[in-house]
Amino acid sequence: MERQVAYIALFAALIAALGFVPPIPTPIGVPITAQTLGVMLAGTILGSKRGALASLLIVVIALAGLPVLSGGRGGLGVLFGPTAGFLVGWPLASYVTGLIVEKSRAGNLFLVSSLAAIIGCVIVLYACGVVGLKVNANVDMMHGLKGSLIYVPGDIVKAIVAGFVTQQIAKARPGILLSRTSS
Amino acid sequence: MLSLTVETKSWMHRWPVETKLLLVCLFSLLMVPVNDWRLALFGLIAVALLYASAGWAFAKIGLVRLRPLSYLVALLFLYFVLTARLEEGLLVSFKLFATIGFANLVTMTSRLDDLMAVVEWLAKPLRFFGLPPRALSFAMGLVVRFTPLFLQKSELLHQAWRARSPKKSSARLLVPLALNVLDDADHVAEALRARGGIGSHKGAQPTNKNKS
Amino acid sequence: MPELSKDSPADANKGKAQGAGITITRLSHRLDETPIFSNLSVTLTERRIGLIGRNGSGKSTLARLICGLLEPSEGEILTHGADLFKDRKTAMETIGLIFQNPDHQIIFPTVEEEIAFGLENIIGNKKDARRRAKQFLEKFGRADWAERGTYSLSQGQRHLVCLMAVLAMEPKVIILDEPFAGLDWPTTKRLYRWLDALDQQLLMVTHDIEHLESYDRILWLEKGRIVGDGRPEAILPLYRKAMEALVDRDELVLDEQDIARQLAETGAHQPDGEV
């Protein structure tokens, strides 16, 4: 139990810390912001349930009033803003990402994690974001979707980075991935 | 890590958090059926008056906090103009500023501890799923404690990188950072166990007051 | 346990200054709005220099400034004639930095990759860098470490990897910021023996003042000011006395006139960083 709480809480802290890290350059040239990379890693490393709880914890803490979101943002107002869906969707995104990694026991970890991050933290998360845009800002879902498309290439690069990092971590410490050990 | 609560006291600071949160829910629900931008503007002015009632310094902080939102709203407004929905654009813009501004008031006038107490109360049913009562406040304390530490580790790793490379940063640095996080999690788990754990057994629990 | 190879670097001539050294001119620096250094000027050409002082005295910040990892708020730092903050390429060939925790420095999964990293940035070619890294490991007597995972090494071994990663780049100056804190005594002694045999100028930030007794010069920093600057035999006893007094008191009581007088008596340098 202590181990669960420690892993979940510290990963939430990692997601928060990554909100303060400047954008990371990529070989493609598009710099990526680190915070959602943390949301991806919560899923690929901790698995579906714990990853989702880590993301949920940081979302709750941000809404309660700690400035842990990129740019030092936070507070209850975020819940009513146009980007609320992209934030509130984090737990679901981590869950789906983690679930895919867990279910595919075998298979190249880099490929599986990258794909999981794309499905969970791009496709599912953007869906949440588009719904949020409709609910909070009356934006037609098709328009919202089209408008979000420009961010997709950058986020796919981010997902590939997440896959690479996950694979490197698993290589450095075999057995450390909670998403791949049976527990 | 400093919270977003504003130190200078106002009359709103004295109201209980639960009441304020209920009012936010009510306000946003009230805003849903509003279809006339003039009504939305009225709501926004009401919120602005609330800010003003707490003093000019307080209102200024509130404005600063809304600044990042302004860029988004400007973009949204442009979208509505381009889709020939000018009045809807005005409506949405005013509604957003009004509801977000009102919600931010709660953040600015409530202590983090009090807000987290509400979260804990809401999470009570989870006890039936095995969540120990203390777990949430422990977790919260850990997040507050470790976020600056991880930021520091990230900075040191960046220094170690920049000492040997002309580039400023790299995604590679996430590997040692994540490994550090996992190692720290193991140590924290040990420390928690050594202090009696956070299981659902009754008895003296170590208090974990974290002033933010 | 790391073992010394048969052909460790030869014992070079002691005390000889390496090139132009480090020149700090009127350095003032603020860290997050808090001023740390104020008009600090000092020239460091001695081969072995120790930097001592309590936590928070600015030692680590000074180390980072000299390495060119931070930009000075005001003033100028030149190392072997170059501004290492502006000229990062020269920086990599001139200065190396090792700090306390290998977990905060080791970036790559294998030893060879970790050592080749800096080399690749100097040489420009990955293959050549890998080859040079392998050669370096052979010279160090650790050719078998090339493929070993950095995360499976012991603490002492990981400290050695950090040292090797810097040495392979053949810098003229190496700054060590409390490099061996937390290691057991024999491992620490072995690593110190490696360091002492090196040719390059070493600037060591440490609390382990026993080891500094053989050094050429000691700089004592307190709250960003140089309060002691001279030979170890002059400065270290004063430092010890002041630290021992702190055990019973909360405030550091520095009789600076007293210190200045004693320094003058022993013919050591005068502190030249004034507020």
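Among the chain C contacts (heavy atoms within 4.5 Å) between residues at least 6 apart in sequence, 69% link residues at least 24 apart. Chain C has eight helices and nine strands; these are DSSP runs numbered from the N terminus, with helices being H or I of at least four residues and strands E of at least two. Of its 275 residues, 54% are buried. Here, buried means under 20% relative accessible area, exposed means over 50%, and partly exposed is in between, using a 1.4 Å probe and protein chains only. A quick note for every view: this is a predicted model, where local features need pLDDT of at least 70 and side-chain atom pairs count only at pLDDT 80 or more, while totals for chains, interfaces and linings use all residues. Residues are numbered from 1 along each chain as its sequence is written, chains are lettered from A and ligands numbered from 1 in the order in which they are written, and side-chain values use heavy atoms, leaving out hydrogens and water.

View 1: Let's zoom in on residues 111-123. Eleven of the 13 residues are buried, so helix 3 is largely enclosed by the rest of the structure. Among the buried ones are Val111(C), Ile115(C), Phe117(C), Leu119(C) and Ile122(C), along with Glu112(C), Glu113(C) and Glu114(C). What does the covering include? Helix 6 of chain B is part of it, together with helix 2 (88-94), helix 4 (126-139) and helix 5 of chain C. Just after helix 3, Gly124(C) takes a positive phi of about 95°.

**View 2: The largest cavity.** The structure holds six cavities of 30 Å³ or more, and the largest has a volume of about 100 Å³. Of the 14 residues lining the largest cavity, the closest to its centre are Arg164(B), Leu97(C), Gln105(C), Cys162(C) and Val166(C). On a 1 Å grid over the protein atoms alone, a cavity is a set of points where a 1.4 Å probe fits but cannot get out, and lining residues have an atom within 4 Å of a point. Grid points are joined across faces, edges and corners, and the volume is the space filled by probe spheres set on the points. Which helix gives the most to this lining? Helix 5 of chain C does, with four residues. Strand 5 (95-98) and helix 5 (155-167) of chain C each supply at least two. The lining divides into ten nonpolar, two polar and two charged residues. Ala, Val, Leu, Ile, Met, Phe, Trp, Tyr, Cys and Pro count as nonpolar, Asp, Glu, Lys and Arg as charged, and the others, Gly among them, as polar.

**View 3: The second largest cavity, lined by chains A and B.** This one has a volume of about 70 Å³. Its lining includes Leu18(A), Val21(A) and Ile24(A), as well as Ser154(B), His158(B) and Leu177(B). Helix 6 (135-162) and helix 7 (174-194) of chain B each supply at least two lining residues. The lining has six nonpolar residues, three polar and no charged.

View 4: At 1.5 Å a residue, the 21 residues of helix 8 of chain A (residues 152-172) should span 30 Å, which agrees with end C-alpha atoms 30 Å apart. Helix 8 of chain A is mostly covered, with 15 of its 21 residues buried. Over in chain C, the 17 residues of helix 7 (residues 232-248) should span 24 Å, and the 25 Å between its end C-alpha atoms agrees. Buried residues of helix 7 of chain C include Leu238(C), Tyr239(C), Ala242(C) and Leu246(C).

View 5: Most residues other than glycine have a negative phi. Asp32(C), which is not a glycine, has a positive phi of about 55°, and Glu33(C), not a glycine either, has a positive phi of about 75°. Asp32(C) sits in the loop between strand 1 (22-31) and strand 2 (34-44), and Glu33(C) is also found in the loop between strand 1 and strand 2. Buried or exposed? Asp32(C) counts as exposed at 70% relative accessibility, and Glu33(C) counts as exposed at 70% too.

Notes:
On a 1 Å grid over the protein atoms alone, a cavity is a set of points where a 1.4 Å probe fits but cannot get out, and a pocket is an open set with protein on both sides within 12 Å along at least five of seven lines; lining residues have an atom within 4 Å of a point. The expected span of a helix is 1.5 Å times one less than its number of residues.
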